[in-house]
Amino acid sequence: MSVLTWTYIIVGLTFALYIGIAIWSRAGSTKEFYVAGGGVSPLANGMATAADWMSAASFISMAGLISFMGYDGGVYLMGWTGGYVLLALLLAPYLRKFGKFTVPDFIGDRYYSNVARSVAVVCAIIVSFTYVAGQMRGVGVVFSRFLEVDINTGVYIGMAIVLFYAVLGGMKGITYTQVAQYCVLIFAYMVPAFFISIAMTGNVIPQLGLLGTVTDGSEMALLDKLDQLHQELGFAAYTNGTKSMTDIFCITMALMAGTAGLPHVIVRFFTVPKVKDARISAGYALLFIAILYTTAPAIAAFARTNLIHTVSNQEYASMPEWFTKWETTKLISYDDKNGDGLIQYVANPQINELTIDQDIMVLANPEIAGLPNWVIALVAAGGLAAALSTAAGLLLVISTAVSRDLIKMQIKPNISEKNELLSARLGAAVAVVIAGYFGIHPPDFVAATVALAFGLAAASFFPAIVLGIFDKRMNREGAITGMVVGITLMLFYMLKFKLGKFGGGGPDDWWFGISPEGFGTIAMIVNLVISLTVSRFTAPPPAEVQAIVEDIRIPRGAGDAIAH
Amino acid sequence: MSDNQRKAYWKENLRYLYILLAIWFVVSYGFGILLVDQLNEIRIGGAKLGFWFAQQGSIYVFVVLIFVYVYLMNKLDKKYGLEE
């Protein structure tokens, strides 16, 4: 059977599965819609969190990014996993004990202020929208490459599916769909990885293959071979990288704190029954994520070595079939500058004749390794599972922020349960349409704002929540000033150095040599210092709020998420 | 639960956090970033150790850290009669 037939079959089957789960698990109450009734098992929650967290970017782009960044790619690997340690130790158990539905809920109650709640709502919406636009685009891209439909048609199909199960099932539907999506995506990621690891190093486990030797008979370590190839072609050694140590440090920190502060991840820990379950499900989540994240650097190194071997100084005419196939999608392009018919792939842009898109490393891997057609189709289904699961989680945060944090808590407190549920569903539907619009008309800043989402979360939520739990003296004035200053500073830096506003500037103008991606760390520290200073010069929080803090520190009696 | 017990429970909890977060910091920011050049002199299999910590080692440690935390906290809850 052809790749296309296989893709239709496998993608069709997985979609039927997601829709079946959505119908089986539709939500009947606001509690089921917001937090899946609070009865999700820790293992299922771990899988759902992993799928929620791993987006199209993790699945499709990350290995390719690392492949081109070498050692520097470690910022993503450490940053996007280390955040779970912070989440598990500093946030998840306490927020579960607190027992409400959303992050703005916590901020609003802990800082006894609707201003704080509104600031949190705005942050949650900004963070989630910047993220979700990229996911819808990812769905469209996967569709267009594997199913040979128009990108926009792909976005429409994706919107329809997400709309169906997010609106119908709320958090409950999303949770169980994400469990299925995790299984699909991890299977799709690992199968090609096993095959390629055997081909390159003779070791079936990619994580060990990375430490192994190449199979070409030279007995040389794979990474040494790759360093050598890199240097021959004028690139920096693969295992050394090019970014400054300060920048690597700051980017890693910003991604970690941002991960721990992302509302769609935090809210997942409200869905388990007990504090104990919140702790262990963070462990399961990271374990499931780590399976993919420790495979990615191996795929990156294998693919890089393989690619250089296949193309460097070879005749263009003798390139394998996948090369020409991906050329038509513009992910690879070749320009024979010196007219010798050979491919010069080198660091010097004057002589270099080959441009390669990072996404090809995962998408074309099965073809490069000569795997059967059904594996190629599986990768398409995996990419879609990753994009859809993240999009659904984000849309839920947006709809909850509107129906609960704005309408129920602020505008119309006496709204009936039925109407609140209806407004949550409408909110989700509107959010899907807006996200779809951005997917079809991607603004130029989408790529730039994915990093912005982490920086914003690190500069706003993370300090406010951690201080809310660990510093009983932290008050309304301190937290609000800290969040506002932190987020404003971060926005200013990103607008200036990423989008050229306020006079713009290049890497030479960066403050302390820190890139916009890493600046979230500075903004976070500023937030912390300002919060602590302001809080010490203003009145302490009222006694009942201090009692809340005492209470969330003790795990017993988390009970159900308090409905109203 | 008395005030003293609450304080003692919280103090032990914080002590675990300091230790676990210190390890978290050392394996990622320490071994993977600040000391990467020194550790790269040592090898683990076919890889330089600093590079390995930045791309794989730290992630393994993160996973173990969370499960150790779960174990320690469950034990602590039991000690103070807070388990459910």
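At what angle do helix H3 (residues 42-53) of chain A and H13(A) pack, and how far apart are their axes? They pack at an angle of about 50°, and their axes are 7 Å apart, where axes are lines fitted to C-alpha atoms, for helices over the stretch in contact, and angles run from 0 to 180 degrees between N-to-C directions. This is a predicted model, in which local features need pLDDT of at least 70 and side-chain atom pairs count only at pLDDT 80 or more, while totals for chains, interfaces and linings use all residues. Residues are numbered from 1 along each chain as its sequence is written, and chains are lettered from A, with ligands numbered from 1, in the order in which they are written.

**Chain A as a whole**

- Chain A has 23 helices and 2 strands; helices (H or I, at least four residues) and strands (E, at least two) are DSSP runs, numbered from the N terminus.
- The radius of gyration of chain A is 24 Å, which agrees with the value near 24 Å that a compact globule of 564 residues would have; this radius is taken over C-alpha atoms, and the globule rule is 2.2 Å times the number of residues to the power 0.38.
- The C-alpha atoms of chain A fill a box of roughly 80 × 55 × 40 Å along the principal axes, and buried residues make up 58% of its 564 residues.
- A residue is buried if 20 or more other C-beta atoms, placed from the backbone, lie within 10 Å of its own, exposed if 12 or fewer do, and partly exposed in between.

**Helix pairs in chain A**

- The angle between H3(A) and H13(A) makes the pair oblique, since angles under 35 degrees count as roughly parallel, over 145 as roughly antiparallel, 65 to 115 as roughly perpendicular and the rest as oblique.
- The contact of H3(A) with H13(A) has 10 nonpolar, 4 polar and 1 charged residues, where Ala, Val, Leu, Ile, Met, Phe, Trp, Tyr, Cys and Pro count as nonpolar, Asp, Glu, Lys and Arg as charged, and the others, Gly among them, as polar.
- Helix H21 (residues 476-498) of chain A and helix H22 (residues 519-536) of chain A pack at about 155° with their axes 8 Å apart, which makes H21(A) roughly antiparallel to H22(A).

**Tyr189(A)**

- Tyr189(A) lies in helix H8 (residues 151-201) of chain A and counts as buried, because it has 25 C-beta neighbours inside 10 Å.
- Leaving aside residues up to four places away in sequence, Tyr189(A) touches Phe59(A), Leu292(A), Thr295(A) and Gly382(A); two residues are in contact if their C-beta atoms, placed from the backbone, lie within 7 Å.

- Chain B comes to 3 helices and 2 strands, which follow the pattern α-α-β-β-α along the sequence.
- The radius of gyration of chain B is 17 Å, well over the 12 Å that the globule rule gives for 84 residues, so chain B is more spread out than a compact globule.
- The C-alpha trace of chain B spans about 55 × 20 × 15 Å along its principal axes, and buried residues make up 36% of its 84 residues.
- Between the chains, 41 residues of chain A are in contact with 35 residues of chain B, and the largest share of the chain A side, 11 residues, comes from H13(A).
- The residues on that side of chain A divide into 24 nonpolar, 10 polar and 7 charged.
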